[in-house]
Amino acid sequence: MSSDILVIGSLNMDMVVGVTRRPEWGETVLGQDFFTGNGGKGGNQAYAAGKLGASVAMLGKVGVDVFGDQLLAGLQEVGVDTSYIERTKDIASGVALISINPEGENSIVVAPGANNQVTPEYVRKHEQVIQQAKLVMVQLEIPLETVLEIADIAKKHGVPLMLDPAPAQKLPDELYKKVTYIVPNESELGIITDSKISDVESAKMGSLTLLEKGVETVFSKLGSKGVVVNRNEEVFQVEPYNVSVADTTAAGDAFAGALATAIVGGKSLKEATQFANAVGALTVTKLGAQVSMPALEEVELFMKRSHK
C-alpha cells in the first residue's frame with residue numbers, strides 16, 4: 001500500500017545528557033540528567049508527520065540490536081509503515097550523543113552505523129515506493145550519493161522532493177535543480193550558500209541564491225526571528241511563537257514533518273508554514289526528540305490560543 005509521504009533517511013538512538021558546558025579536549029565534566037530516546041533526522045521527520053495524522057512510510061536501515069527494535073517500534077506506534085526498513089546484521093544501529101545546556105541548546109555527535117548502508121542500490125530497489133508517494137523527504141545523515149539517487153528517481157517520476165540540508169555541507173548544483181522544497185536553518189543556509197546569515201534580509205538574499213540554482217521554494221528557519229519563505233516572486237515572513245525553550249533537539253525535524261503533512265494535505269504555502277512553525281515551537285518546550293513532538297489536537301489548540 002502506498003503512503004502520501006515517504007521519508008528516506010537516518011534512524012538513531014539518541015543518548016542525551018544535560019551539561020552546564022561542553023568539555024574541552026582531555027577534560028571531564030559532570031553532567032546532570034541522562035535519558036535515551038528515538039531519533040535520527042529521518043526517523044524524527046517520519047514520526048512527526050505520523051503523529052500529526054499523515055500517511056507515512058520510511059526507507060532506512062537499523063542494526064539487529066535492541067536500538068533497532070526500539071526505533072522501529074516507536075515509528076509503528078504513530079502508524080508509520082516500516083516494512084521497507086532493512087536490518088543490518090554486521091553493523092549497529094546509528095547512535096547520537098547529545099549534550100544540552102541550561103538554555104536548551106544542543107551539540108551532537110552522530111555515529112551513523114547502519115545509516116551508512118542506505119545506499120543508491122537499496123534506494124533503487126524501492127523505486128516503485130518512491131514513484132507512488134505524493135512527497136519524498138530526505139536529509140543528509142545518509143550518504144550524499146544516495147541523496148542524489150533519490151533526487152533523480154523522484155524527478156523522473158514527477159514526485160516533489162523536500163530536502164533538509166542537515167548536517168550542512170556544500171552540495172552539487174545538480175541536486176538543487178531537483179529540489180522542490182528546502183528547509184535550512186540559519187547556519188545551514190549560510191554553509192550551503194557560502195554567505196553570512198544573521199537576519200531576515202540576509203536570509204532572503206541567501207534563499208535567492210538557492211532559487212537561482214533551481215530550488216522551487218526555500219523555507220529559511222531563523223529561530224527567534226521566525227521563518228522566511230521564498231518562492232519566485234512570493235516572499236513572506238512568518239513570525240515566531242514565544243515559548244519557553246527546554247530543548248531544541250528535533251525542532252527542525254518536527255517543522256519539516258509538519259510542513260510535509262500540511263503541503264500534502266492541501267494547505268497554502270503560508271498556512272503550511274504557520275502550521276509547521278507551531279509544531280516546531282511546541283517541540284522545543286519539552287525534552288527529547290520524538291517524545292517532544294505534538295499531536296494534531298495539541299497543535300490546533302496552541303494555534304487557536306496564539307491567534308496566529
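Helices (H or I, at least four residues) and strands (E, at least two) are DSSP runs, numbered from the N terminus. The model is predicted: local features need pLDDT of at least 70, side-chain atom pairs count only at pLDDT 80 or more, and totals for chains, interfaces and linings use all residues. Residue numbers start from 1 along each chain as its sequence is written, and side-chain values use heavy atoms, without hydrogens or water.

**View 1. Val7 in strand S1.** Here we look at Val7, found in S1 (residues 5-8). Val7 counts as buried because its relative accessibility is 0% (buried means under 20% relative accessible area, with a 1.4 Å probe and protein chains only). Beyond neighbours within four places in sequence, Val7 is in contact (heavy atoms within 4.5 Å) with residues including Gly42, Ala46, Val56, Leu59 and Met137. Asp164 is 157 residues away from Val7 in sequence, yet their C-alpha atoms are 11 Å apart.

**View 2. The largest pocket.** A pocket is an open set of points on a 1 Å grid over the protein atoms alone, where a 1.4 Å probe fits, with protein on both sides within 12 Å along at least five of seven lines; lining residues have an atom within 4 Å of a point. This one holds about 1300 Å³. Of its 44 lining residues, Asn185, Thr248, Thr249, Ala251 and Gly252 lie nearest the centre. Elements that each supply at least two lining residues include S2 (12-18), H1 (41-51) and H9 (251-264).

**View 3. The second largest pocket.** Its volume is about 190 Å³. Among the residues lining it are Leu52, Lys267, Phe275 and Met303. H9, H10 and H11 (296-306) each supply at least two lining residues.

Methods
Points joined across faces, edges and corners; volume = space filled by probe spheres on them. Buried < 20%, exposed > 50% of the residue type's maximum accessible area, 1.4 Å probe, protein only.
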